[in-house]
Amino acid sequence: MLTRIDHVGIAVASLTEAIPRYEEAFGLEVVHQEENERQGVREAMLLVHSGKTGNSYVQLLEPLREDSPIGKFLAKRGPGIHHIAYGVADIDSALATLTMTGFDLVNKTPVHGTAGSRIAFIHPKGLGGVLTELVEAAEGH
Ligand code: V0V
Ligand code: CO
């Protein structure tokens with residue numbers, strides 16, 4: 001079902017401060033930035049690897065408001081790894097399978113993700129405390 005690690009989501013207080021650190025450390029480049037009002041985030045995608053089944057990124061996430069998943073996470077735990085996202089070829093069938101096997105889905109149907117992707121979150125409690133996202137990337141991403 002899974003085709004790659006699409007991204008690791010990292011909660012940061014400030015993109016302006018975090019982006020240069022990641023650029024300096026690994027020579028990564030920001031290939032996309034976006035504000036996602038529904039998710040309450042401003043995010044930057046730094047390309048790590050391009051592969052046959054799609055790309056892998058670091059996703060830096062800054063909260064747009066305190067009462068958002070990233071805002072609450074920063075207040076409770078401070079900056080750090082927030083979620084892991086796996087690539088899938090067909091998110092609708094992946095979600096149907098997970099529903100049948102009894103997983104607690106945050107999103108029962110896909111929502112808008114970065115760069116035109118379709119995404120859905122699976123609750124951390126069923127997956128060893130790790131908030132997990134599935135991504136069906138848009139063509140060319
Ligand atoms: C909260 N918890 C986490 C967690 N956030 N555990 C692991 N990883 C995380 N990131 C735990 C927390 O410690 C509590 O555990 C429990 O869940 C309830 O926490 P809460 O602070 O009361 O939070 P809730 O229940 O209001 O919300 C938690 C969920 C929420 C996971 C349901 O954050 C959510 O809906 N996330 C999905 C959307 C999202 O994260 N969007 C931002 C990224 P105890 O204390 O009960 O044990 S947007 C993105 O990635 C995009 C756009 C993209 O990739 O394209
Ligand atoms: Co993400």
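Which residue in strand 8 is the bridge partner of Ala85? In this predicted model, that partner is Glu133. The pair belongs to the link between strand 5 and strand 8, which run parallel and are joined by four bridges. The protein chain has three helices and eight strands, and 25 residues surround ligand 1.

**Confidence**

- The mean pLDDT of the protein chain is 97.
- A pLDDT of 70 or more is reached by 100% of the residues.
- For the complex, the predictor gives an ipTM of 0.98. The pTM is 0.98.

**Overall fold**

- Along the sequence, the protein chain reads β-α-β-β-β-α-β-α-β-β-β.
- The radius of gyration of the protein chain is 15 Å, close to the 14 Å that the globule rule gives for 141 residues, so the chain is as compact as a globular protein of that length.
- The C-alpha trace spans about 40 × 35 × 25 Å along its principal axes.

- Eight strands form an open sheet with mixed pairing, in the order 2-3-4-1-5-8-7-6.
- Strand 2 and strand 6 (111–112) stand at the edges with a single partner strand each, so one side of each has no neighbour in the sheet.
- Strand 1 (residues 2–11) and strand 5 run antiparallel, joined by eight bridges. Gly9 has His83 in strand 5 as its bridge partner. Ile10 stands opposite Ile81, also in strand 5.

**Helices on the sheet**

- Helix 2 packs on the sheet and touches strand 1, strand 3, strand 4 and strand 5. The direction of helix 2 makes about 70 degrees with that of strand 4.
- Helix 3 (residues 91–100) packs on the sheet too, touching strand 5, strand 7 and strand 8 (132–136). The direction of helix 3 makes about 20 degrees with that of strand 7.

**Two hairpins**

- Strand 2 (residues 29–36) and strand 3 (residues 41–51) run antiparallel, with seven bridges joining them. Glu29 has Leu47 in strand 3 as its bridge partner.
- Four residues lie between strand 2 and strand 3 in their hairpin. Gly40, in the turn, has a positive phi of about 70 degrees.
- Strand 3 also pairs with strand 4, in the antiparallel sense, over 10 bridges. Here His49 stands opposite Ser56 in strand 4.
- The hairpin of strand 3 and strand 4 has two residues between the strands.

**Around ligand 1**

- Which residues of the shell are the closest to ligand 1? They are Pro69, Gly113, Thr114, Pro124 and Leu131.
- Which element gives the most? Helix 2 does, with five residues.
- How does the shell divide by residue type, and what are the counts? There are 11 nonpolar residues, 11 polar and three charged.

**Where the topics meet**

- Strand 5 is joined to strand 1 by eight bridges and to strand 8 by four.

Definitions and conventions
Residues numbered from 1 in each chain as written. Chains lettered and ligands numbered in written order. Predicted model: local features only at pLDDT ≥ 70, side-chain atom pairs only at ≥ 80, totals over all residues. Near = placed C-beta within 6 Å. Nonpolar A, V, L, I, M, F, W, Y, C, P; charged D, E, K, R; others polar. Pairing = 2+ DSSP bridges. pLDDT = per-residue confidence, 0-100. Contact = placed C-beta atoms within 7 Å. Axes fitted to C-alpha atoms, helices over the stretch in contact; angles between N-to-C directions. Rg over C-alpha atoms; globule rule 2.2 N^0.38 Å.
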